[in-house]
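Please find below a short note on the model under review.

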Amino acid sequence: MQEIWGHIVADFAGLFSGSGSAWLAFGQVILIDIVLAGDNAIVIGALAAGLPADQRKKVILIGIVAALVLRIGFALVVTQLLQVIGLVFAGGVLLLWVAWKMWREIGHGGESAGSPEIAGDEHSGMKPAKSFASAAWAVAVADVSMSLDNVLAVAGAARDHPGILMVGLVIAVALMGVAANIIAKYIERYRWIAWIGLLVIVYVAGSMIYTGITDQEIGLLQLFR
């Protein structure tokens with residue numbers, strides 16, 4: 001715990017002293033957290049949209065609670081996993097796939113039924129589930145994928161700043177639990193936020209792929225030496 005707190009103090013001291021790399025990492029982390037929290041809420045709302053009001057609210061609550069738990073769980077292991085040769089590269093490739101999905105949703109999302117509890121999910125293009133069980137299962141699967149995406153993106157953006165990485169993961173959990181629906185509403189209204197978030201994720205993915213190939217400790221090239 002003392003080591004984590006030491007990293008946080010050191011990295012935020014860098015922010016206040018004007019460190020360019022610390023500010024870049026912090027800005028990327030905040031934007032990734034905002035965009036992916038809103039996107040997660042929209043997916044949950046769209047999948048639950050076809051259910052009666054009482055069941056719909058239960059599925060949305062299940063989805064948000066599951067997203068919180070999964071983000072915490074992935075955060076505990078992903079920073080250790082990224083020290084394994086090849087996994088940073090794999091994480092970068094996964095984030096490219098996330099970026100492709102986001103591009104399709106932002107630019108080519110279709111009309112679908114939406115939940116009144118979540119703003120913007122009527123433009124997700126996703127088909128709502130037909131029963132409570134199928135909706136809960138679909139939301140759980142989506143939460144696993146999107147929580148891993150969120151944690152990987154934050155870890156990739158702040159790998160050289162472990163204090164910012166830890167704070168970013170806390171912010172991700174807080175945004176998902178408290179403000180996901182509010183964020184979804186503003187992303188729907190101001191689409192440029194989503195486009196900037198997409199560009200940041202592409203940048204982080206490219207950086208992870210490059211690092212995952214060339215890094216002296218965890219790069220794929222180490223396997224051929």
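**Note on the predicted model**

1. I30 is found in helix 2; helices here are DSSP runs (H or I, at least four residues), numbered from the N terminus. At 25% relative accessibility, I30 counts as partly exposed, a class lying between buried (under 20% relative accessible area) and exposed (over 50%), with a 1.4 Å probe and protein chains only. I30 and A172 lie 142 residues apart in sequence, and their C-alpha atoms are 8.2 Å apart in space.

2. This is a predicted model, in which local features need pLDDT of at least 70 and side-chain atom pairs count only at pLDDT 80 or more, while totals for chains, interfaces and linings use all residues. Residues are numbered from 1 along each chain as its sequence is written, and side-chain values use heavy atoms, without hydrogens and water.

3. Mean pLDDT (the predictor's confidence in each residue, from 0 to 100) is 78 for the chain, with 86% of its residues at 70 or more. Confidence is lowest in helix 1 (residues 2-16), with a mean of 67, and highest in helix 7, at 87.

4. Beyond its neighbours within four places in sequence, I32 is in contact (heavy atoms within 4.5 Å) with N150, A153, V154, A157, V200, I201 and V204.

Conventions. Helix = DSSP H or I, 4+ residues; strand = E, 2+ residues; numbered from the N terminus.
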